[in-house]
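Please look over the sequence and the structure before reading on.

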Amino acid sequence: MSVLGKGLITVTLSLLVALPTGPGLAADNGNDETPGLMAVYQLAVDNDPRIAQARARLDQAREARPQARAALLPSVSLTAAVEQSRQDGEQIGFDAQGNLGLQDIETTVDSTSYGIEVRQTLFRWDRWVGLSEADARVAQAESEYEGALQDLLIRTAGAYFDLLAAKDTLDTRRTTREAFEMEKERAEFAREVGTASRTDVEEARAAHDRALSDEIAAEREVEVAREALLELTGRYLRDVKPPVREVEPRLPDPEDIDFWVSRALETNPELKATEFVAEASQQRVRQARGGRYPTLDLVASRRWVDTSSDDNPFVNRDTVDDNIQLQLNVPLFTGGENTSRIREARAAEREAWSGVKLATREVRRETRDSFLGIRSGVARVSALRQAVRSGETAVEATEVGVEVGSRSTVDLLNARRELANARAELSQVRYAYLLDTLRLQRAVGQLDVNELERLSGLFTGSPGEDVHGD
């Protein structure tokens with residue numbers, strides 16, 4: 001059970017599962033050679049490049065706040081310098097005999113200095129606004145990372161279900177091809193003994209060749225699904241655990257599509273991220289305006305200077321200079337740079353709000369699509385189950401008709417083909433329904449690893465659990 005939004009409104013997506021009638025079932029603990037859904041998800045968490053990129057982006061964005069805060073704190077710097085100056089020329093003076101006149105001079109002065117400076121910002125509008133802008137950027141990155149985690153859950157389940165559906169289709173196509181091969185051999189034998197026409201033989205061969213083509217295409221789809229899992233997990237997985245329980249689809253609770261759309265618009269992480277982008281862009285406009293405001297800094301420094309000369313003892317000194325300043329800087333003219341930066345920031349803000357509008361529409365569409373997918377999945381699973389039962393009955397009846405001569409071989413081939421198609425479609429629709437339930441929960445920001453773990457109950461032998469029960 002999950003609680004969304006205000007008022008503690010309960011929203012639940014439920015799947016009924018019936019216990020299998022077969023023998024013992026293995027748990028999805030990752031110790032089996034064939035991994036289950038949670039084992040595949042853990043591989044994806046450890047190896048998926050996209051989620052690794054999302055983590056790195058989050059870590060990168062989180063550094064924005066300490067950097068913005070540092071710009072408001074005092075800065076301390078240490079300086080040091082070693083200098084030597086030489087003076088070579090003439091000046092009026094007395095020589096050694098006391099005569100006044102131009103005298104040659106050559107003086108070398110050595111100077112060593114070091115100092116410390118402390119600078120504290122008292123007023124810099126762009127830096128104060130930068131702190132709020134950094135908060136918005138961090139919130140944006142956290143929402144994007146939350147969305148990336150939920151996207152990983154969807155991609156893992158999707159790749160897992162795609163492989164299972166492809167293998168189910170391959171099994172169906174292979175069984176159909178084997179059945180058609182038997183029909184072809186029976187038609188060829190009947191032709192030899194004179195009880196079948198050449199047309200019956202050619203139709204049986206054509207049906208077999210078509211079934212063989214379908215089997216080859218299904219084999220390719222299985223390999224494509226395995227490659228998708230390899231891309232996600234970094235491991236080549238030939239097989240994954242199939243479901244050991246039957247899915248009984250249910251409609252979302254509540255069955256009100258507008259409720260789900262409303263919740264998604266409040267809690268969807270991607271939509272939240274775009275809103276934080278817009279908030280950050282607003283702060284950048286305020287920062288740009290700060291380029292027109294004066295700045296005020298408090299600067300305190302102390303400097304030690306040691307000066308000496310072997311040629312002129314009068315320059316020898318050792319001093320300490322203390323200095324405290326209030327530095328006011330008022331921008332008068334910047335060549336239009338500030339105005340240009342403000343226009344640039346406003347354009348970025350308009351872009352960000354357009355992104356919010358686009359994301360809102362996308363979230364609304366995706367939520368409605370997932371809800372409608374669940375609703376149609378419930379109806380289609382029921383209809384296809386009946387189609388499979390009817391197809392099995394039709395095949396049995398047609399086989400009897402062929403034996404007594406009231407139906408042709410073509411009728412039997414068509415009946416088998418329709419049954420195979422119904423079975424393959426039923427498998428695909430079941431997995432599509434499961435994926436739509438996860439997508440709807442993702443749309444409302446409700447999807448997490450606990451939900452995937454409940455869903456993995458379909459692929460384990462844990463008895464008596466409702467996969468999405470309350």
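The text below treats a helix, a core, a pocket and some single residues in turn.

The model is predicted, so local features need pLDDT of at least 70 and side-chain atom pairs count only at pLDDT 80 or more, while totals for chains, interfaces and linings use all residues. Residues are numbered from 1 along each chain as its sequence is written, and side-chain values use heavy atoms, with hydrogens and water left out.

**The helix α4**

Helices (H or I, at least four residues) and strands (E, at least two) are DSSP runs, numbered from the N terminus. Helix α4 covers residues 125-193. Its 69 residues should span 102 Å at 1.5 Å a residue, and this agrees with the 100 Å between its end C-alpha atoms; the expected span is 1.5 Å times one less than the number of residues. At L131, α4 bends by about 25°, the bend being the angle between axes fitted to the seven residues ending there and the seven starting there. Just after α4, G194 has a positive phi of about 85°.

**The largest nonpolar core**

A nonpolar core is a set of buried Ala, Val, Leu, Ile, Met, Phe, Trp, Tyr and Cys residues joined through side-chain atoms within 4.5 Å. Buried means under 20% relative accessible area, exposed over 50%, and partly exposed in between (1.4 Å probe, protein chains only). The largest such core has 57 residues, and those with the most contacts inside it are Y160, F161, L434, L438, L452 and L455. The elements giving two or more residues to this core are α1 (37-47), α2, α4, α5 (198-233), α6 (257-267), α8 (337-404), α9 (409-443) and α10 (449-455). The greatest contribution, 15 residues, is from α4.

**The largest pocket**

A pocket is an open set of points on a 1 Å grid over the protein atoms alone, where a 1.4 Å probe fits, with protein on both sides within 12 Å along at least five of seven lines; lining residues have an atom within 4 Å of a point. The largest pocket has a volume of about 310 Å³, a volume being the space filled by probe spheres set on the points, which are joined across faces, edges and corners. Its lining holds 17 residues, of which A54, R57, E144, Y145 and A148 lie nearest the centre. Two or more lining residues come from each of α2 (49-62) and α4, and α4 gives the largest share, 9 residues. The lining divides into 7 nonpolar, 2 polar and 8 charged residues. Here Ala, Val, Leu, Ile, Met, Phe, Trp, Tyr, Cys and Pro count as nonpolar, Asp, Glu, Lys and Arg as charged, and the others, Gly among them, as polar.

**Single residues and pairs**

In strand β7 (residues 295-308) lies R303, which is partly exposed at 40% relative accessibility. S301 is also found in β7 and is partly exposed, with a relative accessible area of 25%. E221 belongs to helix α5 and is partly exposed at 41%. L37, in helix α1, is buried at 0%. The table lists a partner for each of these residues.

| Pair | Separation in sequence | C-alpha to C-alpha distance |
|---|---|---|
| R303 and D321 | 18 residues | 5.0 Å |
| S301 and L78 | 223 residues | 9.6 Å |
| E221 and L170 | 51 residues | 8.4 Å |
| L37 and L455 | 418 residues | 8.4 Å |

Finally, P254 lies in the loop between β6 (246-249) and α6. The peptide bond from D253 to P254 is cis, with omega near 5°.
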